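Here is a set of questions on how the labels attached to a model follow from their definitions. Each answer puts a value beside its cut-off.

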Amino acid sequence: VRDVRGWEKETEVHRTSRADIVDRLLDQAQQHVDINKVFADREFDAHEVRHLINKHDLYYVIGKRKQSSEDTENAEEVEQHSLIDARVEYASLTVDGETHDLSIMYVTKNATIENEERDDDDGWDEYAIFTTNYKVEPERAIGLTAQYRDRWEIENQYKSIKKHFLPT
């Protein structure tokens, strides 16, 4: 993935799509380890990425950008309801004529984070939206997003090591 720098012309830059990068990484990783589930952050919130992971016969949980007013309304409904920590909607995703089922999970931060401080840089606001190719119920959505949060902790620890222990 490459952005155009100020001194470069648009035509001089070769870009690789996130889907192509994910495809290459999955091909390489599957040569060495068994993969069952892929977690990806909001930067990979693209239909092509979801489709590609599904074509590899893997499950995914991908953070979704809050783009539409419907996303915000659904998430705020969960956030404001005192007894509901998650809501799941079902949809289908079609890319290149191929379709797979999709669950959209709206989860409050309190559903997966109990009695711990939240890092403001961890990708969570008061709620988060995720997509998965699992067929999930709200109770399972909470478990999947808790696993996603654990993955995020690994990234935060790596950032800490990189910041404090590597030569600067």
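Q: What share of the residues in the protein chain is buried, and what makes a residue count as buried?
A: Buried residues make up 37% of the 168 residues in the protein chain. Buried means under 20% relative accessible area, exposed means over 50%, and partly exposed lies in between, with a 1.4 Å probe and protein chains only. The model is predicted, so local features need pLDDT of at least 70 and side-chain atom pairs count only at pLDDT 80 or more, while totals for chains, interfaces and linings use all residues. Residues are numbered from 1 along each chain as its sequence is written, and side-chain values use heavy atoms, with hydrogens and water left out.

Q: How many helices and strands are there, and what makes a stretch count as one?
A: The protein chain has five helices and five strands. Both are DSSP runs numbered from the N terminus: helices are H or I with at least four residues, strands are E with at least two. From the N terminus on, the order is α-β-α-β-α-β-β-α-β-α.

Q: How do you know what span to expect of helix α5?
A: The expected span is 1.5 Å times one less than the number of residues. Helix α5 (residues 138-165) has 28 residues, for which 40 Å is expected, and its first and last C-alpha atoms are 40 Å apart, so the span is close to expectation. Among the buried residues of α5 are L144, Y148, R149 and W152.

Q: What makes the five strands an open sheet, and in which order do they lie?
A: The order is β1-β2-β5-β4-β3, with mixed pairing. The edge strands, β1 and β3 (86-95), each pair on one side only. Two strands pair if DSSP finds at least two bridges between them. β4 and β5 have six bridges in the antiparallel sense, with F130 in β5 as the bridge partner of M105. β1 and β2 run parallel and are joined by four bridges, and V38 stands opposite Y60 in β2. Both pairs therefore meet the requirement of at least two bridges.

Q: Which faces does β1 have?
A: The covered face holds V38 and A40, and the uncovered face holds K37 and F39. In a regular strand the side chains alternate between the two faces of the sheet.

Q: Which strands does α5 lie across, and how is its angle to β1 defined?
A: α5 lies across β1, β2, β3, β4 and β5, at about 70 degrees to β1. Axes are lines fitted to C-alpha atoms, for helices over the stretch in contact (heavy atoms within 4.5 Å), and angles run from 0 to 180 degrees between N-to-C directions.

Q: Why is a set of residues called a nonpolar core, and how many residues has the largest?
A: A nonpolar core is a set of buried Ala, Val, Leu, Ile, Met, Phe, Trp, Tyr and Cys residues joined through side-chain atoms within 4.5 Å. The largest has 16 residues, and V22, L26, V49, I53 and I62 have the most contacts inside it. Apart from it lies another core, of twelve residues, including A86, F130, V136 and A141. Leaving aside neighbours within four places in sequence, V22 is in contact with F44, V49, L52 and I53.

Q: Why is the pair D45 and R50 called a salt bridge?
A: A salt bridge needs a side-chain nitrogen of Lys or Arg within 4 Å of a carboxyl oxygen of Asp or Glu. The closest N and O atoms of D45 and R50 are 2.3 Å apart, so the pair qualifies. Both residues are buried. By this rule there are four salt bridges.

Q: Why is D57 called exposed, and what is its phi?
A: D57 has 71% relative accessibility and therefore counts as exposed. D57 lies in the loop between α2 and β2, and its phi is near 60 degrees, a positive value in a residue other than glycine. Most residues other than glycine have a negative phi.
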